[in-house]
Each structure stands twice: as structure tokens, then as C-alpha cells.
Amino acid sequence: GFFPYLREEATLARPWVRAGAAVAMLGHNHPAKGTRIGLAALEQVHAARPDVQVVLFRAHEIDHPVPPWVEQISAPDHQGLSRLLNRCSIFLQPSIYEGFGLTAVEAMASGCALVSTDNGGSRDYAFADRTAVVTDRGDADALARAVIHLLDRPDERARLALAGHQHVQRFTWDESARLL
């Protein structure tokens with residue numbers, strides 16, 4: 001498949017059937033990734049639902065201040081990323097622009113419900129109210145409302161996570177080669 005490190009453990013963990021919720025987000029210094037906006041949204045989520053676990057993973061140190069209630073994971077290897085995504089049930093992609101958004105697709109393949117901005121690249125997999133909750137770019141308030149909405153509605157979160165998981169199964173090397 002496209003995601004060789006998301007092997008059986010990704011399928012077996014099935015986060016969409018979990019009762020609890022944790023939110024993951026990629027932290028990055030490039031302005032297009034929207035980390036500052038995502039952290040502002042997560043501040044609102046934390047204020048409304050302080051019991052929800054928030055995980056920020058990153059390849060390098062980021063310039064943005066990260067609140068102490070956010071668990072930070074630095075440079076996870078493939079197995080570490082797979083384990084992280086399997087314990088989270090929502091993935092937040094606050095990007096201003098994405099060419100494709102591989103990390104969001106990896107999260108969907110792991111069974112996370114996706115909350116994403118309409119950032120261009122996500123239009124291949126983030127279909128509003130079918131496979132994801134999609135908001136306008138740069139709107140931290142809308143992102144926070146979307147995450148809280150899914151936290152408050154586990155059935156909706158599970159429906160989107162399962163639909164997203166099923167949709168991204170089409171992203172294989174064979175299918176990509178066929179389309180090319």
C-alpha cells in the first residue's frame with residue numbers, strides 16, 4: 001500500500017469505535033501548515049473540554065509557543081507515528097495550503113476523523129460531511145467548533161472516521177500508477 005508502516009495495527013486499533021477522544025496535529029514552522037491557527041483552535045477546544053488529550057507531533061523544533069497541556073512528540077519514527085495516530089480519534093489539519101496533505105491521509109488511514117481547512121490539496125480526500133469536517137482557511141474559531149462538534153457527537157465522529165478510512169484505501173501505488 002501507500003502507507004507501508006500503517007500495517008495491521010492501524011486496522012486493528014479502529015479508533016472510530018473508541019469511546020474516548022484525543023486530538024492530534026502536526027506542528028510545523030512553515031506558515032502554510034497553519035500551526036499557529038491550529039494551536040489557537042486547540043486553546044478553545046481545551047477551554048471547552050479540558051479533559052481531552054491533545055498531541056502535537058513534529059519533525060523539528062517549532063517556533064510557536066506550545067501550552068503545557070499539549071503532549072509533544074518529537075520526530076516519531078514510522079511505528080511511533082502509527083501508534084500515535086491509533087490512539088487519537090481526531091486529526092486536525094489547519095493548513096493554509098497543502099499540495100496533498102499526506103499526514104492527514106495517514107491519519108485517516110489509521111481511523112482518525114479529519115477536521116481540515118479547505119486548503120487545496122485536501123480536496124482529494126476531505127469531502128465536507130462525508131469524509132471530514134471542512135472549514136475555511138485561517139478560521140481558528142471554525143476549527144475549534146468542528147473539533148468540539150465531533151467530541152460531543154461520537155457517532156458522527158465514528159461515521160466520518162470510518163468513511164475517511166474507507167476512502168483513503170484507494171490511495172495505493174498500483175492505483176496511482178494506473179491513473180498516471
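Predicted model: local features only at pLDDT ≥ 70, side-chain atom pairs only at ≥ 80, totals over all residues.
Student: Is helix 4 parallel or perpendicular to helix 6?

Tutor: Angles of 65 to 115 degrees count as roughly perpendicular. The two axes cross at roughly 115 degrees, and therefore helix 4 is, relative to helix 6, roughly perpendicular.

Student: Which residues of helix 6 meet helix 4?

Tutor: The crossing of these two helices is left-handed. Helix 4 brings V105, M108 and A109 to the contact. By class, the contact residues are four nonpolar and two polar, with no charged ones. On the helix 6 side they are G164, H165 and V168.

Student: How are helix 5 and helix 6 oriented to each other?

Tutor: The axes of helix 5 and helix 6 come within 5 Å. They cross at roughly 105 degrees, so the orientation is roughly perpendicular.

Student: How many charged residues are in the contact of helix 5 with helix 6?

Tutor: Helix 5 contributes H149, L150, L151 and D152, and helix 6 contributes P154, E156, R157 and L160. Four of these residues are nonpolar and one is polar. The number of charged residues is three.

Student: Why are helix 2 and helix 5 called oblique?

Tutor: Helix 2 spans residues 35-48 and helix 5 spans residues 140-152. Their axes lie 8 Å apart, at an angle of about 45 degrees. Angles under 35 degrees would count as roughly parallel, and 65 to 115 as roughly perpendicular. The angle of about 45 degrees therefore makes the pair oblique.

Student: How many nonpolar residues does the contact of helix 2 with helix 5 have?

Tutor: Helix 2 passes helix 5 in a right-handed crossing. From helix 2 come I37, A40, A41, Q44, V45 and A48, and from helix 5 come A140, D141, L143, A144, V147, I148 and L151. One contact residue is polar and one is charged; the nonpolar count is eleven.

Student: Which residues are closest to the centre of the largest pocket?

Tutor: The largest pocket holds about 240 Å³ of space. Its lining has 16 residues. The closest to the centre are L26, F57, R58, A59 and P76.

Student: Which elements give two or more residues to the lining of the largest pocket?

Tutor: By class, the lining has seven nonpolar, six polar and three charged residues. The elements that give two or more are strand 2 (53-58), helix 3 (78-87) and helix 4 (102-109).

Terms used. Residues numbered from 1 in each chain as written. Heavy atoms only, no water. 1 Å grid on protein atoms, 1.4 Å probe; cavity = no way out; pocket = protein on both sides within 12 Å on 5 of 7 lines; lining within 4 Å. Points joined across faces, edges and corners; volume = space filled by probe spheres on them. Helix = DSSP H or I, 4+ residues; strand = E, 2+ residues; numbered from the N terminus. Nonpolar A, V, L, I, M, F, W, Y, C, P; charged D, E, K, R; others polar. Axes fitted to C-alpha atoms, helices over the stretch in contact; angles between N-to-C directions. Parallel < 35°, antiparallel > 145°, perpendicular 65-115°, else oblique. Left-handed = near helix turned anticlockwise from the far one by under 90°. Contact = heavy atoms within 4.5 Å.
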